[in-house]
Amino acid sequence: MKRLLARTISSMMKFIDIGANLTDPMYQGIYNGSSKHEPDLSQVLERSWAGGLDKIIVTVGTLSDCEATFNILENDERLFATVGCHPTRCGEFLADPETYFASLCRQIEEHRDRVVAIGECGLDYDRLHFCEKEVQQKYFEKQLELAAKYELPLFLHCRNAHDDFTEILARNMDRLPKRGVVHTFDGTLEAAKALIVNGFYIGLNGCSLKTEDNLTVAAQIPDEWIMVETDSPWCEIRPSHAGSKHVKTKYPTVKKKEKWEPSSLIAGRCEPVMISQVLEVLASIKGKPMVELADQYYRNTVKIFFPKEVV
């Protein structure tokens with residue numbers, strides 16, 4: 001009876017993963033440049049749809065991601081994409097800024113019906129060894145022109161850069177037709193409130209739920225301003241994370257990549273189906289039914305990224 005009830009409740013929920021890196025080599029069976037098993041993206045997606053995913057937004061972090069991303073999208077109408085340049089990759093603009101920007105424009109225009117956001121863009125001061133601060137700032141602001149030009153929301157990245165990040169957004173707010181979401185949020189409650197007051201949503205995944213402080217913040221973020229994601233293959237909820245004690249759903253997993261089998265997940269590699277675990281943590285720390293939260297977060301996401309579906 002309990003198992004039947006669990007299945008019934010699960011069937012009542014549907015999810016949208018706002019950020020999944022499906023072009024990552026791990027889904028081709030490649031880890032650190034070494035092939036460990038056959039490509040299994042098709043099985044990963046089958047598990048996603050069976051687990052309640054209604055849509056997945058594939059994250060583009062650089063111009064070179066676009067071709068592989070749109071090749072994946074060709075095979076499934078439930079997949080969508082962002083287009084933009086991650087802050088740690090903004091050095092790619094430097095050789096020929098105008099051509100790089102024009103190439104991003106072309107990707108958006110050629111796939112206009114499948115591009116739902118500009119990003120992943122923003123600032124990352126934790127990894128300045130990849131791209132210096134001034135370059136990140138310049139080309140983060142440059143990409144806001146894409147949001148204005150194509151009237152698209154933003155899929156944003158902010159690491160240890162809140163003040164500069166919010167300052168750049170603030171001085172461009174008047175020309176942004178839509179806001180968007182700050183994904184993988186792990187900041188303070190004050191930082192979340194500052195974003196929300198300006199119309200930005202808060203994206204939460206396993207990396208947003210690592211510590212007890214993270215859980216305290218997440219519990220206080222208003223549900224009408226939350227979206228959920230996996231950032232797969234990264235950001236799983238690990239046993240060492242504070243959020244893990246709230247996870248109820250466990251998936252068949254193999255510990256060694258070489259022991260891969262189609263029906264099992266791989267330890268250390270996150271998949272979109274694991275979005276249910278993010279919901280379980282949030283339901284537990286907020287003391288609310290998972291079905292209620294899943295519905296709210298779904299509606300939040302549709303409102304911003306799929307407005308034509310809003311009734």
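Ile 304 is found in helix H10, residues 290–305. Helices (H or I, at least four residues) and strands (E, at least two) are DSSP runs, numbered from the N terminus. The model is predicted: local features need pLDDT of at least 70, side-chain atom pairs count only at pLDDT 80 or more, and totals for chains, interfaces and linings use all residues. Residues are numbered from 1 along each chain as its sequence is written, and side-chain values use heavy atoms, with hydrogens and water left out.

Ile 304 has a relative accessibility of 15% and therefore counts as buried. Buried means under 20% relative accessible area, exposed over 50%, and partly exposed in between, for a 1.4 Å probe and protein chains only. Beyond residues up to four places away in sequence, Ile 304 touches Pro 153, Gly 180, Tyr 201 and Met 227. Contact here means heavy atoms within 4.5 Å. The C-alpha atoms of Ile 304 and Ala 161 are separated by 24 Å, and the two residues are 143 residues apart along the chain.

Helix H9 spans residues 275–286. Its first and last C-alpha atoms are 17 Å apart, close to the 16 Å expected for 12 residues at 1.5 Å a residue. The expected span of a helix is 1.5 Å times one less than its number of residues. Of the 12 residues of H9, 10 are buried, so the helix is largely enclosed by the rest of the structure. Among them are Ile 275, Val 278, Leu 282 and Lys 286. The buried residues of H9 pack against strand S1 (15–20), strand S4 (53–58), strand S9 (200–204), helix H8 (212–220), strand S10 (226–228) and H10. Just after H9, Gly 287 takes a positive phi of about 65 degrees.

Helix H5 covers residues 133–150. Its 18 residues should span 26 Å at 1.5 Å a residue, and the end C-alpha atoms are 27 Å apart, which agrees. The buried residues of H5 include Val 135, Tyr 139, Phe 140, Leu 144 and Tyr 150. Their cover includes helix H4 (97–110), S6, S7 and helix H6 (162–172). H5 is followed by Glu 151, whose phi is positive, near 50 degrees.

The structure holds 5 aromatic pairs. Rings of Phe, Tyr and Trp (its six-membered ring) pair if their centres lie within 6.5 Å; planes under 30 degrees apart count as stacked, over 60 as edge-to-face and the rest as tilted. Phe 93 and Tyr 100 form a tilted pair, 4.5 Å centre to centre with 50 degrees between the planes. Phe 93 is buried at 0% relative accessibility, and Tyr 100 is buried at 8%. The rings of Tyr 201 and Trp 225 have their centres 4.7 Å apart and their planes at 45 degrees, so this pair is also tilted. Tyr 201 lies in strand S9 and Trp 225 in the loop between H8 and S10, so the pair ties together parts that are 24 residues apart in sequence. Tyr 201 is buried at 4% relative accessibility, whereas Trp 225 is partly exposed at 21%. Ring pairs link Phe 93, Tyr 100 and Tyr 139 into a cluster.

The largest pocket has a volume of about 780 Å³. Of the 27 residues that line the largest pocket, the closest to its centre are Asn 21, His 86, Glu 120, Arg 127 and Trp 234. Strand S6 (115–124) and strand S7 (154–159) are the elements that give two or more residues to this lining. By class, the lining has 6 nonpolar, 11 polar and 10 charged residues. Ala, Val, Leu, Ile, Met, Phe, Trp, Tyr, Cys and Pro count as nonpolar, Asp, Glu, Lys and Arg as charged, and the others, Gly among them, as polar. On a 1 Å grid over the protein atoms alone, a pocket is an open set of points where a 1.4 Å probe fits, with protein on both sides within 12 Å along at least five of seven lines; lining residues have an atom within 4 Å of a point. Grid points are joined across faces, edges and corners, and a volume is the space filled by probe spheres set on the points.

Two peptide bonds are noted for their geometry. The bond from Gly 119 to Glu 120 is cis, with omega near 10 degrees, and Glu 120 is in strand S6. The bond from Ser 232 to Pro 233 is cis, with omega near 10 degrees. Pro 233 is in the loop between S10 and S11.
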